[in-house]
Amino acid sequence: MPVWLKVVTAVVSVAMIGGIAFAGFWFLRLQNNISKAPLNAGGGNNEQVSDATGRMQILILGSDTRDGENAEYGTADDSRGYGKSDVMMMMDISEDNKRVSVISFPRDLLVDIPECKDEETNQVYPARSGVMINEAMAEAGIGCAVDTVNQLTGLEVDHFMMADFTAVKELSNAVGGVEVCISDAVYDPDSRLRLPAGTSAVQGEMALAFLRTRHAFADGGDLGRIKAQQGFLSSLTRKIKDDGTLSDPGRMLKIADVVTQNLTVDEGLASVPSLLTIGNRLKDIDISKVAFVAVPTTPALADPNRLQIAEPAGSQLFAALRQDVDLTDPTAPSPSPSETSAPPTETAPPLPPYDKAVQPVTVANGTGVPGRALEIVQALISGGFTQAGQFEATAVEQSVVYYGTDFADVAADVAAVLGIPAAQMVPAPNIAGVQVYLGTDFTTGITYGAPAALPDDIVNQTAKDASCQQANPALIVQG
């Protein structure tokens, strides 16, 4: 989370100023606190990245394991294996270090988990379909959760940070409490959350209960829980920034000690200098540019008590992330004509006219996004190609317009409607008419190469915004 990294950055900086002996003591203490684990489970990002520059994604996980100090929150069965991810967020840092997007994945989201290898035991677990995303790390470890997010989003997670229940309690104590707001007084016996209406400062057990509760907010589902977690993190960010914590060496050292004692990171991030480098990238970001987003979902067809990605909104979000779009202000200049239109050609004799309404045009959906072809068919119909049809196809990387004998002129007009460059028009004598084969480079919008469209109100809030959670009517305490 940005707050953790800012704190660690400030702590190490102050320690070094204080003197070699003092700095050395704290450097070794913080370094020895950190636990580490493999980044991937056999199918992820093997590329060495620079922590100082470039785009960066950090997967933030909250473990629900009940071993050690967490035993009071469950049974021995809950402590087996690697545990499940009680919280899963991906922090995306822009290349220019001016924006951070924090994307929350509901724990009830059904996804496909790739084949994963437990790097400690070398046991390989087969790929699975339609599994809750919080189970991704239970068998093969945290790296499997990373690989699952990579597969789902099309991004490559560079690092992960995982904390347990104790981290939440001790961090909230260290900062002197975090302000949260709720519309009505609530009591949730499962999480032990009990709060009055309005604003309260929570810490320790109550802070943990606020983040863990699955029933207290909205309709008692996972999405209300996510908004509450995002509200908590926004409040924590403002508190660290506004209370002068960064100028108080004693408080900063205490917080950094708490964070690193309860943190597991990947091997590439398992050093104080690495945390310092990333923290330096984050320290000056305007909190209004820290955007909290939830992956768009809808009740799953297989199980209405679970969630699945809502399309096309989910693909639009992931495409925007891949394009490094500012989610707080997604408006961007249109691509230059050279990027979206056919290059000029030599003047040629005009071709005989033809009737668009009778031309055989099909759209092959090779994007990997279910239902994507329909959006393109509708665009072609609007452009006059009223006989356009569609079918699902094998995924490919680049979109191509194929055309049969004597259909070059039709293909050129079809490509122009969609903004596909002439260089991506290919003659194919076995094609009857024109076929637009959509690739993974054209997953959103109706104009090739245009900035990714985004669902309305995709950002739940920024770190600058104070929010008040709506209480679940079933848990409101009367009187």
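1. Start with the contacts. Among those in the protein chain between residues at least 6 apart in sequence, 75% join residues at least 24 apart. Keep in mind that this is a predicted model. The protein chain holds twelve helices and 23 strands.

2. On burial: of the 479 residues in the protein chain, 53% are buried.

3. Eight strands make an open sheet with mixed pairing, in the order β1-β14-β9-β2-β3-β4-β15-β23. At the edges sit β1 (35–37) and β23 (459–462), each of which pairs on one side only. From one strand to the next, the twist averages 25 degrees.

4. Strand β15 (residues 290–294) runs antiparallel to β23, and three bridges join the two. To find the spot on screen, pick F292, whose bridge partner in β23 is Q461.

5. Which strands does helix α3 touch where it packs on the sheet? Helix α3 (residues 142–153) touches β1, β2 (56–63), β3 (85–93), β9 (159–163) and β14 (263–266), and its direction makes about 130 degrees with that of β2. Helix α8 (residues 272–282) packs on the sheet too, touching β2, β3, β4 (100–104) and β9. The direction of α8 makes about 65 degrees with that of β3.

6. Why call β18 largely enclosed by the rest of the structure? Because four of its five residues are buried. β18 pairs with β22 in the parallel sense over five bridges, and T362 has Q435 as its bridge partner in β22. β18 is also joined by four bridges to strand β19 (residues 389–392), again running parallel. There, A364 has F391 of β19 as its bridge partner.

7. Helix α12 (residues 408–418) belongs with that picture. Its buried residues are D409, V410, A411, V414, A415 and L418. As a reminder, an α-helix has 3.6 residues a turn, so residues three or four places apart point the same way. After α12 comes G419, with a positive phi near 75 degrees.

8. Aromatics next. The count comes to three aromatic pairs. One of them is F442 with Y448, an edge-to-face pair at 5.4 Å centre to centre, with 85 degrees between the planes. Are these two residues buried or exposed? Both F442 and Y448 are buried. Elsewhere, ring pairs link F210, F217 and F232 into a cluster.

9. Finally, two arginines to check against rings. The charged end of R372 sits over the ring of F442, 5.0 Å from the ring centre, and F442 also has Y448 as its aromatic partner. The charged end of R194 sits over the ring of Y187, with 4.0 Å to the ring centre.

Technical notes
Residues numbered from 1 in each chain as written. Predicted model: local features only at pLDDT ≥ 70, side-chain atom pairs only at ≥ 80, totals over all residues. Heavy atoms only, no water. Phe/Tyr/Trp six-rings, centres within 6.5 Å; stacked < 30°, edge-to-face > 60°. Buried < 20%, exposed > 50% of the residue type's maximum accessible area, 1.4 Å probe, protein only. Lys NZ or Arg CZ within 6 Å of the ring centre and 35° of its normal. Contact = heavy atoms within 4.5 Å. Pairing = 2+ DSSP bridges. Axes fitted to C-alpha atoms, helices over the stretch in contact; angles between N-to-C directions.
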